[in-house]
Amino acid sequence: TVRDVTFLCGRTGVCALGAVVAKYTGDNGLLDHYLTQFKEIKLSKDLPDELLYGRVGYLWACLFLNKHLGNEVIPSPTMDAVVREIVKNGRKLRRKSGSPLMFEFHGSRYWGAAHGLAGIMHVLMHFELSSDEREDVKGTLKYMINNRFPSGNYPSSEEDGKVDALVHWCHGAPGIALTLAKAYEAFGDKEFLKAAMDAAEVVWNRGLLKRVGICHGISGNAYVFLCLYRLTGAVEYLYRAKAFACFLLDRSHTLMSTGEMHGGDSPFSLFEGIGGMAYLFLDMVNPKNARFPAYDV
């Protein structure tokens, strides 16, 4: 099915993670098994391009494998063909907006990390792009910066351009901040760093949510500060990450038990539940090496 191809929601993620675990435990037979399974996965022509269920979710799994197993475990031509397809699709929809690249998922042109522009641009920036592709990625991010809300937050989609409500990794400033930080690393343009820092202010002022997870909760929002701490070395970002983490450590259990905080529809999961909170706590032990799971490679 469509859901089979991504790291977060499909068999691709199981195979990629299984292969990496097998490598680190020295089980070569299991490693070969999972790699064989991974390489048999095919991308259908009607697949969306976004992170959770689409092509960039597959590409992220490829990046994860190559990081841990070696750069050409998944050959560059295999990944490059998918990159070209994504860019081609994005250019088809640009006539409907002022953005060089635009994508549609279930009838909406999303901006966020989970389903939209931020997640797609984030993954594309890990690849060798042609000069015109690089300009399209940069232009798309600058389009988003230029069309953010006066508050500094970002719309969840082109269709929700007047609804300034969501401050989540999946929709809103947090996920876009991580992508803008990656853009600064990739392109060296300080406009992206400034925009990432502006988005972090939104997260600080509005990001102490009533959920614990990393997709749309406090744990995920804390990673904005950890990212900027790693990028800039400014200790204020470390203090802010600690503030969010300490709030969770001190109060989340009580607030969830009284119903004042939501533990997630899947309460033990990485993205919705306390699994993500535990992951954040582990990253706080060595914050300089913290990475948003399944987003930062």
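Student: How many residue pairs are in polar contact between domain 2 and domain 3?
Tutor: This is a predicted model, where local features need pLDDT of at least 70, side-chain atom pairs count only at pLDDT 80 or more, and totals for chains, interfaces and linings use all residues. Residues are numbered from 1 along each chain as its sequence is written, and side-chain values use heavy atoms, without hydrogens and water. A polar contact is a pair of N or O atoms within 3.5 Å; within protein, one must be able to donate a hydrogen and the other to accept it, and residues adjacent in sequence count only if both atoms are side-chain atoms. With both residues at pLDDT 80 or more, the count between domain 2 and domain 3 is seven residue pairs.

Student: Which element gives the most residues to the side of domain 2 that touches domain 3?
Tutor: Helices here are DSSP runs (H or I, at least four residues), numbered from the N terminus. Those giving two or more residues to this side are H5 (117-124), H7 (173-187) and H8 (190-206). The one that gives the most, with eight residues, is H7.

Student: How do the residues of that side of domain 2 divide into nonpolar, polar and charged?
Tutor: Ala, Val, Leu, Ile, Met, Phe, Trp, Tyr, Cys and Pro count as nonpolar, Asp, Glu, Lys and Arg as charged, and the others, Gly among them, as polar. The side of domain 2 that touches domain 3 has 15 nonpolar, six polar and two charged residues.

Student: What area do domain 2 and domain 3 bury between them?
Tutor: Buried area is the accessible area (1.4 Å probe) that two parts lose on being put together, summed over both. Carbon and sulfur atoms carry 70% of it here. The total is about 1700 Å².

Student: Which three residues supply 38% of the area that domain 2 buries against domain 3?
Tutor: No other three residues of domain 2 supply more. They are Trp169, Leu178 and Trp204.

Student: Which side chain meets Glu201 in a salt bridge?
Tutor: A salt bridge is a side-chain nitrogen of Lys or Arg within 4 Å of a carboxyl oxygen of Asp or Glu. Across the interface of domain 2 and domain 3, the rule finds one. At 2.8 Å, N to O, the partner of Glu201 is Arg240.

Student: Where does Cys170 lie?
Tutor: An unreviewed UniProt entry places the feature "binding site" at Cys170, Cys215 and His216. They cluster in space, with a largest C-alpha distance of 6.4 Å. Cys170 lies in the loop between helix H6 (131-146) and H7.

How values were computed: UniProt positions are given in the numbering used here, feature names are shortened, and annotations may be inferred rather than shown by experiment.
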